[in-house]
Number of protein chains: 2
Amino acid sequence: MPLDNPRSNFSKWYDEVLLRASIVDVRTPTKGANVLMPNGYEIWEAIKNFMNKKFKETGHKNAYFPLLIPEEFLQRESAHFEGFIPEVAWVTHVGNTKLPQKFALRPTSETIMYHMYAQWIHSHADLPLKYNQWCNIIRWDTKETRPLLRDREFFWSEAHTAHSTYEEAAKQVEQSMEIYQSLFDALCLSYLTFQRPDHDKFAGAEYTIAYDAPLPNGKVLQIGTTHHLGNNFAKPFDVKFLDTDGETKFVFQTSYGISTRLIASILSIHGDDQGLILPPKFAPTQIVIVPIIFKKKSEGILEACQELEDELVELGYRVFADLREQYTSGWKFSEWEMHGVPLRLEIGPRDLKNNSVLAARRDTLEKENVARGELGDFISDVFDKMAIYLKKRADAALASLMRNARTLAELKEIMRNNRGIVKSNWCEDVECAKKVKDETSSSILGTRQGVIETPDGPCLVCGNEGKVVAYIASSY
Amino acid sequence: MPLDNPRSNFSKWYDEVLLRASIVDVRTPTKGANVLMPNGYEIWEAIKNFMNKKFKETGHKNAYFPLLIPEEFLQRESAHFEGFIPEVAWVTHVGNTKLPQKFALRPTSETIMYHMYAQWIHSHADLPLKYNQWCNIIRWDTKETRPLLRDREFFWSEAHTAHSTYEEAAKQVEQSMEIYQSLFDALCLSYLTFQRPDHDKFAGAEYTIAYDAPLPNGKVLQIGTTHHLGNNFAKPFDVKFLDTDGETKFVFQTSYGISTRLIASILSIHGDDQGLILPPKFAPTQIVIVPIIFKKKSEGILEACQELEDELVELGYRVFADLREQYTSGWKFSEWEMHGVPLRLEIGPRDLKNNSVLAARRDTLEKENVARGELGDFISDVFDKMAIYLKKRADAALASLMRNARTLAELKEIMRNNRGIVKSNWCEDVECAKKVKDETSSSILGTRQGVIETPDGPCLVCGNEGKVVAYIASSY
C-alpha cells in the first residue's frame, strides 16, 4: 500500500511511516510518551556516536545526573521556574507515603548540574568545565502531542559549560554552533540559525540561539538550541571561582542541546512517497541484499547473497541479506524502500553468471550494474553521492519556502495558503510579536545569527520603524 | 594519600575510590540518586557496547519504552504489584494540576512492555520476540543506600522475550545465562549461579536464576538475574498467538537484566590499596603515557610522548599522554594508578636514547623495558595476560570465601567473624530461611544452577531432613 506524499499530506504520511518503518509506536497508555522502536533507536544511537566523537575532540565529558530535582532547586532561578512550572511532572509519594518535599522529573538539568558544579569548581584552573548528559526528559506538554515532534518524554543531549568570563562563554556558544553544524551537515539537513527574540528565549538565559529546519508542510522545527546563561544560574547556585587576580567571582555558563526531535527532521525532509530515505552514515541498515529467484535457475543465488553480506560486513557496513522465502522480491523492495535503506543490491541468475550485482539507490531510485570486483569502491562512492544529493535536495526545499511579507495582511495570506519562512521588518515590540502569533498561527523565530541584515521598511504589524529583519514561521 | 585496603576496610576504601577515580559523586540533594561521573559512565558504555554486540548476534533488538507506568498496569499481576509497591515513586501532579490517574516511575518494565507485545504478537510467526531496553530505573529503597550497590536511581539493561512454549522460554533462560557468562568472563569476574528459593524469586516469576559475585568484605552482590515468567504476565496482558495447530494460546516469557551494580563488582573485586584495577577491554583510559623530565635532559621527551600517543590511538587504543607541567611524574603515577589505568608507559632521557619505553602493569605493578618496535605486540600480549591474571585472582578470592556449616550456630560463627559463602543443607521450609535471615544477617541464596548436589545431612536450622544443598551469604 503506497504512502501519501509527504508534501501534500504530511501529517498522514508522517504517522504512517513512523509505524511502518519501525521508528515509533504510539499505542501506549501514556499519551505523548511512546515506544522508540528499533530503527528510531538506532538512528539516535548513530547520532550519539557522532556527537560523542565531537565532544571528545572538544573536551566535553559525559556524566549522568539524577532524574529527580527538588522543587526548591527549580525555584531558585525565578524566570526558569516560571518557564517550566506548567509542564513539570511531580513525584509526591513513595509507596503509600507522602514525601516531605516533592521532586520534579527533570524538564532540563541546569539546577541539579550547577549544584554539583558549585562543588567541583574552586579556582580558575577548574575552568572551563564542560559536561554533557544523554538522558530522558519529561515535559508534560498540555498541547497536542506529536511523536518525536512534541513528546512528553524524549531523549536529549544537554551540554553545560562554565567559564571565567562572559566572552569565553560567548565563544563556547560559537563552538556549540560549529559542533551542531557538523552534525546537521552529516545528517544532510538544511536549516537556519536564529537569535531568538527576548520574549522567546530560554527561561533563565541571556540569549538563545536556535536552529530551525523546515518540514515538508512548510512548518519549521527547532532542532537544537544554545543558551548563553550569563551568571543567572551561577548566583543562585553559588558557582564561584578564585580568579588569577585573587578575586572570587561567579562563573559564566552556557547550555546547549539536541533531542530526538532531530529524528523527525531527518525522516521528514528526506522522505518521499515510498517511505524513508536515510543518510547512509546514520541508516540502521545501510545495504540490503535481495536474491532474485526464478525457480529453474536459482542455484547458488542464496549462497552468493550470503557471501556478499559477509564480505560487506567485513568492510564495516551494516548489511542485511533478506533471504526469507515467504516474501517475494517485489515485497522486499517495497519494505526496504519504506525503511529508507540507502542501497539495495540484487543478485539474480544473470548477475551470478556475469559476476555482477544490480545496485539500486534509494534516493534517486536509479539502478546500475556493478561488477563484483568494483563493488567496494562503488558503495563508498555512491554513499558520498547520496549525501550530497540529499543535502542539495534539502537546501532546495528550504530555499523554496523563503517568502517576504511587508504587512500583517501579506503574512496572513502566506500562512493561510502554502506557509513558509517569511522575512519581514519588525519594530522589536513584544506586542507586535503577540499580534503575529494571535492572528496568523505563526511566530517570530528571531533574527539571523551571523548574518547582518538591515530593515528596508516599517514593522509589518504597527508600521513604526522596523528595527530588525525578523523571520516568521509556523513551528512545532 | 594512600587508600585503605579493600579487604580490611572495604567500606571506607569503596567510598574514597568512587570519588577519587571519578566514578560516582554522592553529594546530590537526592539520597541514593547520585552523579555517575565520567569514568563510571564510560565503563557502563563499554559494557553496553559489549552487550549490544551479543544482543545482535542472538537476535535481540533495542527499543525504548515509557518511563511512566499507569498504576493499573502494575496492579494487573498481583504478586508483581505487591513486590514493588513499597519502593515505587508516584507521579501524581503536573504543574498545579492533579492527574486523573497516578503513574509509577518504572521499577521494571514488564507491564508496559507486554502491553505493547500484545499488540505486536499475533501468530507463531511473530515468535520468538526478543527486545532489550537500556534505561534508568527508580526503586525508592527505604533501606540504607550505597552508591552503585543500592541506588534509588540506576541504569540497567532489561531484555524481555516471548515464546510459543514453556520449554522454549526455558531455553531462552539458558541463552541469557550464556550471554551473561561471556560478559562476566570478559570483565574477569568470578561468580556463582543460583536458582533463587521460591520465597525470594522475582515478583511474578516461575523461577529466578541469579548471578552472585563476592565483594572483598565477604558479602555477595547480585550482578544479574534471569526470570522465567511462565505466562503469568501473558494472561493479564493478553499476549496471545495463533499457533500452528490453529489454536490461540498465551505466550511464555522471560526477562533478564544487569545493572550499574556490575560496576561496583568490577571495581571492588579487582581493586587494591592503590585504587582501581580495570580490565583492559573496559577501561576508559587503557594506556597512560608519562614523560620523565630532568631539567637538563628533557629535550624531545614531550614530543616523543605525543607521538607515541598518536601511534597508539591509531592502533585503536584509548590513550592519554599526561604532559601537564604542574604535576610531578610521581603524582601522575599515583593518580593513574588510582584510576585503574591498566598500562603506564614512561619515557625518560634514557628511553628516548635507547628507543624504548618503560612499561608498568597496573595489576602486578611489574615494570619492563620494551623496545619501541615491539610495543604493539607487547601491549596486546600484556592486556591478554592482565585479563587472565585478574580472572585468576577473582577466582581465588571466591574460592577463599567458600565455607561449610552444619548448624545455625556454625553459620552464626562464620557470619560474626570473616563472613563468606556458606554451603549447608536446608529442608526448603521458608520458616527456616526466615530464621537464617533474622538471626545471622545473611540469607539463603538458593541452590547451584547446573550443578547437582546431594544433601549430606539434616537442615541446618530445624534438623529435619535436608532436601537441598543451599548457599548462604550476607548480600547487598
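This is a predicted model: local features need pLDDT of at least 70, side-chain atom pairs count only at pLDDT 80 or more; totals for chains, interfaces and linings use all residues.
Student: What strand order does the open sheet in chain B have?
Tutor: The five strands go 16-15-17-18-19, with mixed pairing. Strands here are DSSP runs of E, at least two residues, and helices are runs of H or I, at least four residues, numbered from the N terminus; strands pair if DSSP finds at least two bridges between them.

Student: Which are the edge strands?
Tutor: Strand 16 (319–321) and strand 19 (367–371) of chain B, each pairing on one side only.

Student: How many bridges join strand 15 to strand 17 in chain B?
Tutor: Five, and strands 15 (287–291) and 17 (343–347) run parallel. B:Pro291 stands opposite B:Ile347 there.

Student: Which strands does helix 9 of chain B touch?
Tutor: Helix 9 (301–314) touches strands 15, 16, 17 and 18 of chain B, contact being heavy atoms within 4.5 Å.

Student: New topic: how does chain A lie on chain B?
Tutor: With an RMSD of 0.0 Å, by a turn of 180° and a shift of 0.0 Å along the axis. That's a two-fold axis relation, superposed by least squares on C-alpha atoms of residues with pLDDT of at least 70 in both copies.

Student: Which residue of chain A comes closest to the rotation axis?
Tutor: A:Val91, at 2.2 Å (C-alpha).

Conventions
Residues are numbered from 1 along each chain as its sequence is written. Chains are lettered from A and ligands numbered from 1 in the order in which they are written. Side-chain values use heavy atoms; hydrogens and water are left out. Axes are lines fitted to C-alpha atoms, for helices over the stretch in contact, and angles run from 0 to 180 degrees between N-to-C directions.
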